[in-house]
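Colleague: I have not looked at this one before. Can you walk me through it?

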Amino acid sequence: MKRLLAFYLILSSFAVFGQSRPNVVFILTDDQGYGDLGVTGNPHISTPNIDKLANENITLDHFLVNAVCAPTRASLLTGRYNLATGVNWVTRRKEVMNADEVTLAELFKSNNYKTGLFGKWHNGSTYPHNPVGQGFETFFGFCAGHWNNYFDTELENEKGEFVKTEGYITDVLTDHAIDFIKENKDENFFCFVPYNAPHAPFQVGDEYYEKYEKMGLDERTAAVYGMCENIDDNVGRLIATLKEEGLWENTIFIYSSDNGPNGERYNAQMKGKKATVHEGGVRVPMFIKAPNYNVTKVEELTAHIDIFPTLAELCDIEVPDSIQLHGKSILPLLDGKNKQWEDRVIYTHNQPWKFEETPAAAVRSEQYRLVMSKENDTTLYDMNVDPSQLHDLSASKTEVVNKMTSDYHQWFMNITNGGKEPTAERIQIGHKEAPKTVLTAVDGNTKNKVRYEGKGWSNEWAKNFKNKKGVIQWDVKIVEDGEYNFDMLYSCSEEYIGFNIMIEVGEKVITKKMSKPFETQQLVSPDREARTEVHEFTWGTMQMGKLFLKKGKYKVKVRVNNEINPSNNFRLKELVVNSTQQS
(Lines give C-alpha, C1' and ligand atoms only; values in the text may rest on other atoms or scores of the structure.)
Protein backbone atom coordinates (compact mmCIF):
# COMPACT_ATOMS: atom_id res chain seq x y z
CA MET A 1 0.00 0.00 0.00
CA LYS A 2 1.20 3.45 -0.84
CA ARG A 3 2.91 5.35 1.93
CA LEU A 4 0.74 8.23 0.72
CA LEU A 5 -2.41 6.57 2.04
CA ALA A 6 -1.03 6.68 5.55
CA PHE A 7 -1.14 10.45 5.64
CA TYR A 8 -4.32 11.29 3.72
CA LEU A 9 -5.95 12.33 6.99
CA ILE A 10 -2.94 14.45 7.94
CA LEU A 11 -3.10 16.31 4.66
CA SER A 12 -6.87 16.77 4.80
CA SER A 13 -6.46 18.93 7.88
CA PHE A 14 -4.42 21.36 5.77
CA ALA A 15 -6.73 21.26 2.74
CA VAL A 16 -7.64 24.55 1.11
CA PHE A 17 -10.35 24.31 -1.50
CA GLY A 18 -10.96 26.28 -4.68
CA GLN A 19 -8.57 28.64 -6.37
CA SER A 20 -6.84 29.94 -3.23
CA ARG A 21 -4.03 27.57 -4.02
CA PRO A 22 -2.11 28.06 -7.27
CA ASN A 23 -2.36 25.76 -10.24
CA VAL A 24 0.80 24.15 -11.64
CA VAL A 25 1.87 23.71 -15.26
CA PHE A 26 5.22 21.93 -15.50
CA ILE A 27 6.89 21.60 -18.92
CA LEU A 28 9.83 19.21 -19.25
CA THR A 29 11.65 18.77 -22.56
CA ASP A 30 13.71 15.76 -23.59
CA ASP A 31 17.41 16.12 -24.46
CA GLN A 32 17.25 19.90 -24.73
CA GLY A 33 20.53 21.29 -23.49
CA TYR A 34 21.20 24.47 -21.53
CA GLY A 35 22.37 26.14 -24.74
CA ASP A 36 19.32 25.28 -26.86
CA LEU A 37 17.60 28.60 -26.12
CA GLY A 38 18.04 32.19 -27.17
CA VAL A 39 18.07 33.37 -23.56
CA THR A 40 21.15 31.28 -22.80
CA GLY A 41 23.14 32.83 -25.62
CA ASN A 42 22.50 30.57 -28.62
CA PRO A 43 23.21 32.74 -31.70
CA HIS A 44 21.01 30.70 -34.06
CA ILE A 45 17.88 29.53 -32.32
CA SER A 46 14.58 31.43 -31.98
CA THR A 47 12.70 30.82 -28.71
CA PRO A 48 10.95 34.14 -27.91
CA ASN A 49 8.24 32.76 -25.62
CA ILE A 50 10.64 30.85 -23.39
CA ASP A 51 13.09 33.76 -23.43
CA LYS A 52 10.33 36.10 -22.24
CA LEU A 53 9.31 33.62 -19.53
CA ALA A 54 12.90 33.52 -18.30
CA ASN A 55 13.51 37.26 -18.44
CA GLU A 56 10.35 38.11 -16.52
CA ASN A 57 10.49 35.45 -13.81
CA ILE A 58 12.81 33.20 -11.79
CA THR A 59 15.89 31.58 -13.33
CA LEU A 60 17.70 28.81 -11.49
CA ASP A 61 20.94 29.26 -13.38
CA HIS A 62 22.83 26.33 -11.89
CA PHE A 63 20.06 23.75 -11.93
CA LEU A 64 21.37 20.18 -12.06
CA VAL A 65 19.68 16.96 -13.17
CA ASN A 66 20.89 13.48 -14.09
CA ALA A 67 22.83 12.64 -17.23
CA VAL A 68 19.97 10.65 -18.84
CA CYS A 69 16.18 10.68 -19.03
CA ALA A 70 14.49 8.24 -16.65
CA PRO A 71 16.63 8.96 -13.56
CA THR A 72 15.94 12.69 -13.84
CA ARG A 73 12.21 12.13 -14.17
CA ALA A 74 12.11 9.94 -11.09
CA SER A 75 13.94 12.58 -9.04
CA LEU A 76 11.78 15.45 -10.29
CA LEU A 77 8.60 13.56 -9.43
CA THR A 78 9.67 12.33 -5.98
CA GLY A 79 12.25 14.77 -4.60
CA ARG A 80 14.60 11.82 -4.11
CA TYR A 81 17.77 10.62 -5.81
CA ASN A 82 16.85 8.13 -8.52
CA LEU A 83 18.78 5.19 -7.06
CA ALA A 84 16.53 5.34 -3.98
CA THR A 85 13.41 5.13 -6.16
CA GLY A 86 14.42 1.94 -7.96
CA VAL A 87 15.38 3.74 -11.19
CA ASN A 88 18.80 2.68 -12.33
CA TRP A 89 18.98 3.39 -16.06
CA VAL A 90 16.78 3.95 -19.13
CA THR A 91 15.58 0.58 -20.49
CA ARG A 92 15.09 -3.16 -19.78
CA ARG A 93 13.05 -2.27 -16.63
CA LYS A 94 15.95 -0.42 -15.08
CA GLU A 95 13.82 2.70 -15.65
CA VAL A 96 10.89 1.49 -13.50
CA MET A 97 10.07 3.50 -10.38
CA ASN A 98 8.98 1.60 -7.28
CA ALA A 99 5.20 1.65 -6.93
CA ASP A 100 5.40 2.88 -3.32
CA GLU A 101 7.24 6.06 -4.25
CA VAL A 102 5.06 9.11 -3.64
CA THR A 103 4.97 11.33 -6.71
CA LEU A 104 4.02 14.96 -7.16
CA ALA A 105 0.86 13.75 -8.88
CA GLU A 106 -0.17 11.73 -5.83
CA LEU A 107 0.65 14.57 -3.49
CA PHE A 108 -1.44 17.03 -5.49
CA LYS A 109 -4.25 14.54 -6.09
CA SER A 110 -4.58 13.93 -2.34
CA ASN A 111 -4.95 17.69 -1.93
CA ASN A 112 -7.91 18.00 -4.31
CA TYR A 113 -5.94 18.88 -7.44
CA LYS A 114 -6.89 17.41 -10.81
CA THR A 115 -3.79 15.73 -12.26
CA GLY A 116 -2.87 15.23 -15.90
CA LEU A 117 0.21 14.12 -17.84
CA PHE A 118 0.64 14.82 -21.54
CA GLY A 119 3.81 13.36 -23.06
CA LYS A 120 6.58 10.96 -22.15
CA TRP A 121 6.51 9.04 -18.84
CA HIS A 122 9.54 6.67 -18.91
CA ASN A 123 9.25 5.33 -15.34
CA GLY A 124 7.31 2.11 -15.96
CA SER A 125 4.79 1.00 -18.59
CA THR A 126 2.43 -1.27 -16.63
CA TYR A 127 0.08 -0.59 -13.72
CA PRO A 128 0.80 0.36 -10.92
CA HIS A 129 4.12 1.69 -12.23
CA ASN A 130 2.57 3.68 -15.08
CA PRO A 131 1.20 7.25 -14.88
CA VAL A 132 -2.26 6.17 -13.74
CA GLY A 133 -0.79 4.01 -10.99
CA GLN A 134 1.42 6.91 -9.88
CA GLY A 135 -1.29 9.52 -9.46
CA PHE A 136 -2.24 10.94 -12.87
CA GLU A 137 -5.99 10.81 -13.44
CA THR A 138 -5.64 11.92 -17.06
CA PHE A 139 -2.87 10.66 -19.34
CA PHE A 140 -2.14 11.04 -23.04
CA GLY A 141 1.28 10.13 -24.39
CA PHE A 142 3.58 7.14 -24.08
CA CYS A 143 5.46 5.28 -21.37
CA ALA A 144 8.59 4.21 -23.28
CA GLY A 145 11.97 5.93 -23.38
CA HIS A 146 11.37 7.27 -26.88
CA TRP A 147 8.73 7.16 -29.57
CA ASN A 148 9.21 5.97 -33.14
CA ASN A 149 7.33 8.55 -35.19
CA TYR A 150 6.23 12.12 -34.48
CA PHE A 151 3.63 12.63 -37.22
CA ASP A 152 0.11 11.14 -37.13
CA THR A 153 1.18 8.64 -34.50
CA GLU A 154 -0.78 6.55 -32.00
CA LEU A 155 -0.64 7.58 -28.34
CA GLU A 156 -1.95 5.96 -25.17
CA ASN A 157 -4.65 7.33 -22.87
CA GLU A 158 -5.38 6.67 -19.19
CA LYS A 159 -7.57 3.68 -20.14
CA GLY A 160 -4.65 1.94 -21.84
CA GLU A 161 -6.17 2.53 -25.27
CA PHE A 162 -4.01 3.64 -28.21
CA VAL A 163 -5.56 6.51 -30.15
CA LYS A 164 -4.63 7.58 -33.67
CA THR A 165 -3.65 11.25 -33.78
CA GLU A 166 -3.32 13.78 -36.57
CA GLY A 167 -0.45 16.22 -36.76
CA TYR A 168 2.91 16.73 -35.10
CA ILE A 169 3.29 15.11 -31.69
CA THR A 170 4.29 18.24 -29.73
CA ASP A 171 1.28 20.11 -31.14
CA VAL A 172 -1.01 17.16 -30.31
CA LEU A 173 0.22 16.88 -26.73
CA THR A 174 -0.27 20.61 -26.28
CA ASP A 175 -3.82 20.33 -27.62
CA HIS A 176 -4.63 17.76 -24.95
CA ALA A 177 -2.95 19.78 -22.21
CA ILE A 178 -5.00 22.84 -23.23
CA ASP A 179 -8.20 20.77 -23.16
CA PHE A 180 -7.28 19.57 -19.66
CA ILE A 181 -6.69 23.14 -18.46
CA LYS A 182 -10.00 24.36 -19.86
CA GLU A 183 -11.94 21.41 -18.46
CA ASN A 184 -10.53 22.01 -14.98
CA LYS A 185 -10.34 25.80 -14.94
CA ASP A 186 -12.75 26.01 -11.99
CA GLU A 187 -10.66 23.60 -9.90
CA ASN A 188 -7.02 23.37 -8.93
CA PHE A 189 -4.91 21.33 -11.37
CA PHE A 190 -1.41 19.94 -11.76
CA CYS A 191 -0.66 19.72 -15.49
CA PHE A 192 2.61 17.93 -16.34
CA VAL A 193 3.73 18.31 -19.99
CA PRO A 194 6.89 16.22 -20.56
CA TYR A 195 7.44 16.73 -24.29
CA ASN A 196 9.54 14.09 -26.06
CA ALA A 197 11.21 16.62 -28.38
CA PRO A 198 14.00 17.23 -29.24
CA HIS A 199 14.86 13.55 -28.53
CA ALA A 200 15.57 11.36 -31.55
CA PRO A 201 14.26 10.44 -34.06
CA PHE A 202 14.90 13.86 -35.50
CA GLN A 203 11.59 14.73 -37.12
CA VAL A 204 10.04 18.17 -37.53
CA GLY A 205 7.98 20.03 -40.12
CA ASP A 206 9.57 21.70 -43.15
CA GLU A 207 8.74 25.21 -41.96
CA TYR A 208 10.91 24.67 -38.87
CA TYR A 209 13.67 22.54 -40.37
CA GLU A 210 14.37 24.59 -43.49
CA LYS A 211 14.89 27.78 -41.50
CA TYR A 212 17.92 26.27 -39.74
CA GLU A 213 19.12 24.21 -42.68
CA LYS A 214 19.52 27.46 -44.63
CA MET A 215 21.88 28.68 -41.90
CA GLY A 216 24.29 25.93 -42.93
CA LEU A 217 23.71 23.80 -39.82
CA ASP A 218 24.07 20.03 -40.01
CA GLU A 219 20.95 17.85 -40.29
CA ARG A 220 20.69 16.96 -36.61
CA THR A 221 21.26 20.47 -35.32
CA ALA A 222 18.81 21.97 -37.83
CA ALA A 223 16.20 19.40 -36.78
CA VAL A 224 16.83 19.93 -33.06
CA TYR A 225 16.60 23.71 -33.34
CA GLY A 226 13.43 23.35 -35.39
CA MET A 227 11.97 21.03 -32.75
CA CYS A 228 12.90 23.52 -30.02
CA GLU A 229 11.28 26.39 -31.90
CA ASN A 230 8.14 24.31 -32.27
CA ILE A 231 8.23 23.68 -28.51
CA ASP A 232 8.53 27.42 -27.99
CA ASP A 233 5.44 28.03 -30.12
CA ASN A 234 3.53 25.53 -28.01
CA VAL A 235 4.75 27.12 -24.78
CA GLY A 236 3.26 30.32 -26.17
CA ARG A 237 -0.04 28.53 -26.78
CA LEU A 238 -0.14 27.23 -23.19
CA ILE A 239 0.61 30.65 -21.72
CA ALA A 240 -2.00 32.27 -23.97
CA THR A 241 -4.61 29.73 -22.85
CA LEU A 242 -3.90 30.39 -19.17
CA LYS A 243 -4.24 34.12 -19.75
CA GLU A 244 -7.43 33.78 -21.80
CA GLU A 245 -9.01 31.64 -19.07
CA GLY A 246 -8.00 34.11 -16.35
CA LEU A 247 -5.64 31.55 -14.75
CA TRP A 248 -2.20 32.96 -15.44
CA GLU A 249 -1.83 35.07 -12.31
CA ASN A 250 -2.63 32.11 -10.05
CA THR A 251 -0.55 29.53 -11.89
CA ILE A 252 2.98 28.29 -11.20
CA PHE A 253 4.56 27.78 -14.62
CA ILE A 254 7.81 25.77 -14.87
CA TYR A 255 10.06 25.09 -17.83
CA SER A 256 13.05 22.71 -17.75
CA SER A 257 14.79 19.76 -19.44
CA ASP A 258 15.88 16.28 -18.35
CA ASN A 259 19.58 16.27 -19.34
CA GLY A 260 22.19 17.88 -21.55
CA PRO A 261 22.06 18.09 -25.36
CA ASN A 262 21.85 14.94 -27.48
CA GLY A 263 24.74 15.96 -29.72
CA GLU A 264 27.65 18.32 -30.20
CA ARG A 265 26.27 21.85 -30.58
CA TYR A 266 26.24 25.18 -28.77
CA ASN A 267 26.09 24.62 -25.01
CA ALA A 268 27.37 27.87 -23.49
CA GLN A 269 31.01 26.72 -23.57
CA MET A 270 30.34 23.95 -21.05
CA LYS A 271 32.08 20.60 -21.25
CA GLY A 272 29.96 17.52 -21.83
CA LYS A 273 26.62 16.49 -23.31
CA LYS A 274 23.88 13.94 -22.61
CA ALA A 275 25.10 10.80 -20.78
CA THR A 276 28.20 12.54 -19.39
CA VAL A 277 28.55 13.78 -15.81
CA HIS A 278 30.35 16.97 -16.78
CA GLU A 279 28.59 20.30 -16.28
CA GLY A 280 27.26 20.36 -19.84
CA GLY A 281 25.65 16.96 -19.42
CA VAL A 282 23.65 17.79 -16.30
CA ARG A 283 23.11 21.56 -16.12
CA VAL A 284 19.84 22.48 -17.81
CA PRO A 285 17.53 25.48 -18.15
CA MET A 286 15.07 25.99 -15.28
CA PHE A 287 12.61 28.87 -15.26
CA ILE A 288 9.79 29.32 -12.76
CA LYS A 289 6.93 31.79 -12.78
CA ALA A 290 5.28 31.83 -9.35
CA PRO A 291 2.57 34.14 -7.98
CA ASN A 292 3.92 36.92 -5.77
CA TYR A 293 7.58 36.32 -6.71
CA ASN A 294 9.56 38.83 -8.73
CA VAL A 295 12.19 38.37 -11.42
CA THR A 296 15.43 37.00 -10.02
CA LYS A 297 18.41 34.89 -11.07
CA VAL A 298 19.54 32.27 -8.55
CA GLU A 299 23.22 31.40 -8.85
CA GLU A 300 23.37 28.88 -5.99
CA LEU A 301 23.23 25.16 -6.76
CA THR A 302 19.74 23.74 -7.13
CA ALA A 303 18.67 20.36 -8.46
CA HIS A 304 15.89 18.06 -9.63
CA ILE A 305 15.38 16.79 -6.07
CA ASP A 306 14.35 20.32 -4.99
CA ILE A 307 11.23 20.63 -7.17
CA PHE A 308 8.97 18.39 -5.05
CA PRO A 309 9.51 20.30 -1.78
CA THR A 310 9.47 23.66 -3.57
CA LEU A 311 6.10 23.05 -5.23
CA ALA A 312 4.68 21.68 -2.00
CA GLU A 313 5.65 24.86 -0.13
CA LEU A 314 4.44 27.15 -2.92
CA CYS A 315 1.06 25.39 -2.84
CA ASP A 316 0.84 25.28 0.98
CA ILE A 317 0.88 21.46 1.06
CA GLU A 318 2.34 19.70 4.08
CA VAL A 319 4.93 17.00 3.34
CA PRO A 320 5.16 14.50 6.24
CA ASP A 321 8.54 13.28 7.42
CA SER A 322 7.57 9.76 6.30
CA ILE A 323 8.53 10.86 2.79
CA GLN A 324 12.31 10.93 3.03
CA LEU A 325 13.07 13.80 0.68
CA HIS A 326 16.64 14.40 -0.45
CA GLY A 327 15.96 17.87 -1.83
CA LYS A 328 14.86 21.08 -0.17
CA SER A 329 12.62 24.01 -1.01
CA ILE A 330 14.40 26.78 -2.89
CA LEU A 331 12.04 29.50 -1.65
CA PRO A 332 14.69 30.98 0.71
CA LEU A 333 16.74 31.79 -2.38
CA LEU A 334 13.96 33.88 -3.84
CA ASP A 335 13.94 36.44 -1.05
CA GLY A 336 17.05 38.52 -1.61
CA LYS A 337 16.72 40.15 1.80
CA ASN A 338 16.82 36.96 3.84
CA LYS A 339 18.71 34.12 2.21
CA GLN A 340 18.96 31.10 4.48
CA TRP A 341 20.90 28.71 2.29
CA GLU A 342 23.89 26.62 3.25
CA ASP A 343 26.49 25.47 0.75
CA ARG A 344 25.64 21.99 -0.49
CA VAL A 345 26.83 19.25 -2.79
CA ILE A 346 24.86 17.46 -5.53
CA TYR A 347 25.71 13.89 -6.52
CA THR A 348 25.43 12.40 -9.99
CA HIS A 349 25.62 8.68 -10.73
CA ASN A 350 25.32 7.51 -14.34
CA GLN A 351 25.06 3.75 -14.29
CA PRO A 352 26.44 1.50 -17.05
CA TRP A 353 24.41 -1.54 -18.08
CA LYS A 354 26.04 -3.80 -15.49
CA PHE A 355 25.76 -2.47 -11.96
CA GLU A 356 29.08 -3.93 -10.88
CA GLU A 357 30.92 -1.96 -13.56
CA THR A 358 32.49 1.37 -12.68
CA PRO A 359 29.95 4.15 -13.27
CA ALA A 360 30.49 7.69 -14.40
CA ALA A 361 29.96 9.81 -11.30
CA ALA A 362 30.35 13.37 -10.14
CA VAL A 363 30.22 15.50 -7.02
CA ARG A 364 29.35 19.18 -7.48
CA SER A 365 29.86 21.72 -4.72
CA GLU A 366 29.39 25.47 -5.00
CA GLN A 367 33.06 25.71 -6.02
CA TYR A 368 34.24 22.36 -7.40
CA ARG A 369 33.16 19.61 -9.76
CA LEU A 370 34.79 16.22 -9.17
CA VAL A 371 34.38 13.86 -12.13
CA MET A 372 35.01 10.12 -11.89
CA SER A 373 34.86 8.49 -15.30
CA LYS A 374 34.07 4.90 -16.18
CA GLU A 375 37.78 4.47 -16.89
CA ASN A 376 38.57 5.34 -13.25
CA ASP A 377 40.06 8.65 -14.34
CA THR A 378 39.35 11.29 -11.68
CA THR A 379 39.51 15.00 -12.45
CA LEU A 380 38.71 18.13 -10.44
CA TYR A 381 37.70 21.59 -11.64
CA ASP A 382 37.17 24.92 -9.92
CA MET A 383 33.88 25.92 -11.51
CA ASN A 384 34.01 29.48 -10.23
CA VAL A 385 37.10 30.33 -12.31
CA ASP A 386 37.01 27.52 -14.89
CA PRO A 387 33.36 26.90 -15.89
CA SER A 388 34.43 25.20 -19.13
CA GLN A 389 36.49 22.63 -17.19
CA LEU A 390 39.73 23.25 -19.04
CA HIS A 391 42.15 22.84 -16.14
CA ASP A 392 42.31 19.66 -14.07
CA LEU A 393 43.33 20.45 -10.47
CA SER A 394 43.28 16.90 -9.11
CA ALA A 395 47.08 16.70 -8.75
CA SER A 396 47.35 19.92 -6.75
CA LYS A 397 44.13 19.59 -4.73
CA THR A 398 44.46 16.06 -3.40
CA GLU A 399 42.72 16.86 -0.11
CA VAL A 400 39.69 18.16 -1.97
CA VAL A 401 39.68 15.11 -4.26
CA ASN A 402 39.94 12.68 -1.35
CA LYS A 403 37.17 14.42 0.60
CA MET A 404 34.76 14.59 -2.31
CA THR A 405 35.52 11.01 -3.37
CA SER A 406 34.88 9.80 0.17
CA ASP A 407 31.64 11.79 0.33
CA TYR A 408 30.46 10.26 -2.93
CA HIS A 409 31.12 6.69 -1.82
CA GLN A 410 29.37 7.29 1.49
CA TRP A 411 26.39 8.80 -0.34
CA PHE A 412 26.30 5.89 -2.80
CA MET A 413 26.34 3.26 -0.06
CA ASN A 414 23.58 5.05 1.83
CA ILE A 415 21.36 5.64 -1.18
CA THR A 416 21.68 2.01 -2.37
CA ASN A 417 21.32 0.35 1.03
CA GLY A 418 24.90 -0.83 1.17
CA GLY A 419 25.70 -0.86 -2.53
CA LYS A 420 22.83 -3.09 -3.65
CA GLU A 421 21.60 -2.72 -7.20
CA PRO A 422 18.05 -1.37 -7.47
CA THR A 423 15.92 -4.12 -8.98
CA ALA A 424 12.59 -3.54 -10.68
CA GLU A 425 9.49 -4.88 -9.03
CA ARG A 426 7.70 -7.66 -10.89
CA ILE A 427 5.22 -6.80 -13.60
CA GLN A 428 1.79 -6.98 -11.99
CA ILE A 429 -1.08 -8.61 -13.87
CA GLY A 430 -4.76 -8.71 -12.95
CA HIS A 431 -5.51 -5.36 -11.33
CA LYS A 432 -9.16 -4.36 -11.79
CA GLU A 433 -7.88 -0.86 -12.61
CA ALA A 434 -5.84 -2.30 -15.50
CA PRO A 435 -7.35 -5.50 -16.94
CA LYS A 436 -4.89 -5.38 -19.87
CA THR A 437 -1.15 -5.80 -19.32
CA VAL A 438 1.35 -5.56 -22.18
CA LEU A 439 4.56 -7.55 -21.83
CA THR A 440 6.87 -5.81 -24.28
CA ALA A 441 9.91 -7.68 -25.56
CA VAL A 442 12.35 -5.21 -23.99
CA ASP A 443 10.73 -5.70 -20.57
CA GLY A 444 11.73 -9.37 -20.69
CA ASN A 445 14.99 -11.27 -20.57
CA THR A 446 16.33 -13.29 -23.50
CA LYS A 447 18.35 -16.48 -23.17
CA ASN A 448 20.19 -19.01 -25.33
CA LYS A 449 20.73 -16.97 -28.49
CA VAL A 450 17.31 -15.30 -28.56
CA ARG A 451 18.18 -11.63 -28.83
CA TYR A 452 16.83 -8.18 -29.56
CA GLU A 453 16.86 -6.41 -32.87
CA GLY A 454 19.21 -3.84 -31.35
CA LYS A 455 20.62 -3.33 -27.88
CA GLY A 456 17.34 -3.61 -26.01
CA TRP A 457 16.07 -0.04 -26.42
CA SER A 458 12.41 0.89 -26.38
CA ASN A 459 10.18 -0.49 -29.17
CA GLU A 460 12.53 -3.33 -30.16
CA TRP A 461 11.51 -6.98 -30.65
CA ALA A 462 12.92 -10.41 -29.91
CA LYS A 463 14.17 -12.73 -32.67
CA ASN A 464 16.43 -15.71 -33.34
CA PHE A 465 14.15 -18.39 -31.89
CA LYS A 466 15.87 -21.51 -33.26
CA ASN A 467 14.93 -24.29 -30.83
CA LYS A 468 13.20 -24.81 -27.50
CA LYS A 469 16.27 -23.80 -25.51
CA GLY A 470 15.94 -20.24 -26.74
CA VAL A 471 13.50 -18.26 -24.64
CA ILE A 472 12.26 -14.82 -23.66
CA GLN A 473 10.75 -14.51 -20.20
CA TRP A 474 9.13 -11.98 -17.89
CA ASP A 475 8.97 -11.96 -14.09
CA VAL A 476 5.34 -11.32 -13.18
CA LYS A 477 2.99 -11.27 -10.23
CA ILE A 478 -0.64 -12.33 -10.66
CA VAL A 479 -2.62 -10.21 -8.21
CA GLU A 480 -6.03 -11.96 -8.52
CA ASP A 481 -7.11 -15.53 -9.20
CA GLY A 482 -8.78 -15.65 -12.58
CA GLU A 483 -8.78 -16.53 -16.25
CA TYR A 484 -6.24 -14.72 -18.40
CA ASN A 485 -6.23 -14.45 -22.17
CA PHE A 486 -2.92 -14.27 -24.07
CA ASP A 487 -2.44 -12.60 -27.46
CA MET A 488 0.86 -12.26 -29.30
CA LEU A 489 2.06 -9.48 -31.59
CA TYR A 490 4.44 -11.01 -34.14
CA SER A 491 5.64 -11.28 -37.70
CA CYS A 492 6.65 -14.36 -39.73
CA SER A 493 6.96 -15.01 -43.46
CA GLU A 494 4.77 -17.66 -45.04
CA GLU A 495 7.74 -19.81 -46.03
CA TYR A 496 8.60 -20.40 -42.36
CA ILE A 497 5.21 -21.16 -40.78
CA GLY A 498 4.40 -24.58 -39.32
CA PHE A 499 6.42 -24.59 -36.10
CA ASN A 500 4.86 -24.55 -32.64
CA ILE A 501 4.91 -21.62 -30.20
CA MET A 502 4.70 -22.25 -26.46
CA ILE A 503 3.69 -19.88 -23.66
CA GLU A 504 4.60 -21.22 -20.24
CA VAL A 505 3.30 -19.72 -16.99
CA GLY A 506 4.65 -21.79 -14.14
CA GLU A 507 3.59 -25.36 -14.91
CA LYS A 508 0.80 -24.35 -17.26
CA VAL A 509 1.43 -24.28 -20.99
CA ILE A 510 -0.30 -22.99 -24.12
CA THR A 511 0.92 -24.55 -27.38
CA LYS A 512 -0.20 -23.26 -30.76
CA LYS A 513 0.97 -23.86 -34.31
CA MET A 514 2.23 -20.87 -36.27
CA SER A 515 -0.23 -21.18 -39.15
CA LYS A 516 -0.97 -17.57 -40.02
CA PRO A 517 1.85 -15.63 -41.68
CA PHE A 518 2.16 -11.89 -41.28
CA GLU A 519 4.57 -9.99 -43.47
CA THR A 520 5.60 -6.91 -41.50
CA GLN A 521 5.90 -3.53 -43.19
CA GLN A 522 8.04 -0.59 -42.14
CA LEU A 523 6.06 2.61 -41.65
CA VAL A 524 7.18 5.82 -43.29
CA SER A 525 9.71 7.65 -41.11
CA PRO A 526 10.36 11.27 -42.13
CA ASP A 527 13.73 11.44 -40.35
CA ARG A 528 16.01 14.43 -40.95
CA GLU A 529 19.06 12.35 -39.95
CA ALA A 530 19.46 8.58 -40.28
CA ARG A 531 18.20 7.08 -37.04
CA THR A 532 20.08 4.72 -34.76
CA GLU A 533 16.99 3.28 -33.05
CA VAL A 534 14.66 0.80 -34.75
CA HIS A 535 12.02 1.90 -37.22
CA GLU A 536 8.31 1.41 -36.64
CA PHE A 537 6.68 -1.65 -38.19
CA THR A 538 3.25 -3.21 -38.52
CA TRP A 539 2.54 -6.37 -36.48
CA GLY A 540 0.14 -9.25 -36.72
CA THR A 541 -1.93 -10.47 -33.78
CA MET A 542 -2.30 -14.17 -32.89
CA GLN A 543 -4.78 -15.30 -30.26
CA MET A 544 -2.86 -17.82 -28.19
CA GLY A 545 -5.48 -18.96 -25.66
CA LYS A 546 -6.47 -18.76 -21.99
CA LEU A 547 -5.09 -19.97 -18.68
CA PHE A 548 -6.61 -19.98 -15.20
CA LEU A 549 -3.96 -18.60 -12.88
CA LYS A 550 -3.88 -18.22 -9.12
CA LYS A 551 -2.34 -15.32 -7.29
CA GLY A 552 1.41 -15.58 -7.04
CA LYS A 553 4.77 -15.03 -8.66
CA TYR A 554 5.55 -16.62 -12.04
CA LYS A 555 7.87 -16.54 -14.99
CA VAL A 556 6.03 -16.11 -18.28
CA LYS A 557 8.11 -17.77 -20.99
CA VAL A 558 7.82 -17.88 -24.78
CA ARG A 559 9.72 -20.46 -26.82
CA VAL A 560 9.40 -22.72 -29.85
CA ASN A 561 9.06 -26.41 -29.04
CA ASN A 562 10.76 -27.90 -32.07
CA GLU A 563 13.74 -27.22 -34.32
CA ILE A 564 13.06 -24.57 -36.96
CA ASN A 565 14.82 -23.36 -40.08
CA PRO A 566 17.90 -21.31 -39.06
CA SER A 567 16.72 -18.61 -41.48
CA ASN A 568 13.31 -18.37 -39.83
CA ASN A 569 12.35 -14.70 -39.46
CA PHE A 570 9.77 -15.07 -36.68
CA ARG A 571 9.83 -11.94 -34.50
CA LEU A 572 8.00 -11.36 -31.22
CA LYS A 573 6.99 -7.77 -30.37
CA GLU A 574 4.93 -8.32 -27.23
CA LEU A 575 2.41 -10.42 -25.34
CA VAL A 576 -0.90 -8.88 -24.37
CA VAL A 577 -2.49 -10.38 -21.26
CA ASN A 578 -6.16 -9.64 -20.59
CA SER A 579 -7.98 -10.54 -17.40
CA THR A 580 -11.24 -12.07 -18.65
CA GLN A 581 -12.68 -12.90 -15.22
CA GLN A 582 -11.56 -12.63 -11.64
CA SER A 583 -12.61 -14.31 -8.43
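Modeller: One term to begin with: buried means under 20% relative accessible area, exposed over 50%, and partly exposed in between, with a 1.4 Å probe and protein chains only. This is a predicted model, in which local features need pLDDT of at least 70 and side-chain atom pairs count only at pLDDT 80 or more, while totals for chains, interfaces and linings use all residues. Residues are numbered from 1 along each chain as its sequence is written, and side-chain values use heavy atoms, with hydrogens and water left out.

Colleague: What share of the 583 residues counts as buried?

Modeller: In the protein chain, 60% of the 583 residues count as buried.

Colleague: And what are the spans along the principal axes?

Modeller: The C-alpha trace of the protein chain spans about 75 × 55 × 55 Å. A compact globule with 583 residues would have a radius of gyration near 25 Å, and the 24 Å of the protein chain agrees with that. The radius of gyration is taken over C-alpha atoms, and the globule rule is 2.2 Å times the number of residues to the power 0.38.

Colleague: How many helices and strands are there?

Modeller: The chain has 11 helices and 29 strands. Helices (H or I, at least four residues) and strands (E, at least two) are DSSP runs, numbered from the N terminus.

Colleague: Now charges. How many salt bridges does the count come to?

Modeller: The count comes to 24 salt bridges. A salt bridge here is a side-chain nitrogen of Lys or Arg within 4 Å of a carboxyl oxygen of Asp or Glu.

Colleague: Which residue does Asp 175 pair with?

Modeller: Asp 175 forms a salt bridge with Arg 237, and their closest N and O atoms are 2.4 Å apart. Asp 175 lies in helix H6 (residues 169-183) and Arg 237 in helix H8 (residues 219-244), so the pair ties together parts 62 residues apart in sequence. Asp 175 counts as partly exposed at 32% relative accessibility, and Arg 237 counts as partly exposed at 30%.

Colleague: What about Lys 550, which partner does that have?

Modeller: Lys 550 forms a salt bridge with Asp 481, with the closest N and O atoms 3.9 Å apart. Lys 550 is in the loop between strand S27 (540-549) and strand S28 (552-560), and Asp 481 is in the loop between S23 and strand S24 (482-491), so this pair ties together parts 69 residues apart in sequence.

Colleague: Is Asp 481 buried or exposed?

Modeller: Asp 481 is buried, with a relative accessible area of 19%, whereas Lys 550 is exposed, at 51%.

Colleague: What is phi for Lys 449?

Modeller: Phi of Lys 449 is near 80°, a positive value in a residue other than glycine. Lys 449 sits in the loop between strand S20 (445-447) and strand S21 (451-452), and is exposed, with a relative accessible area of 69%. Ala 268, not a glycine either, has a positive phi of about 55°. The place of Ala 268 is the loop between strand S9 (251-257) and helix H9 (279-282).
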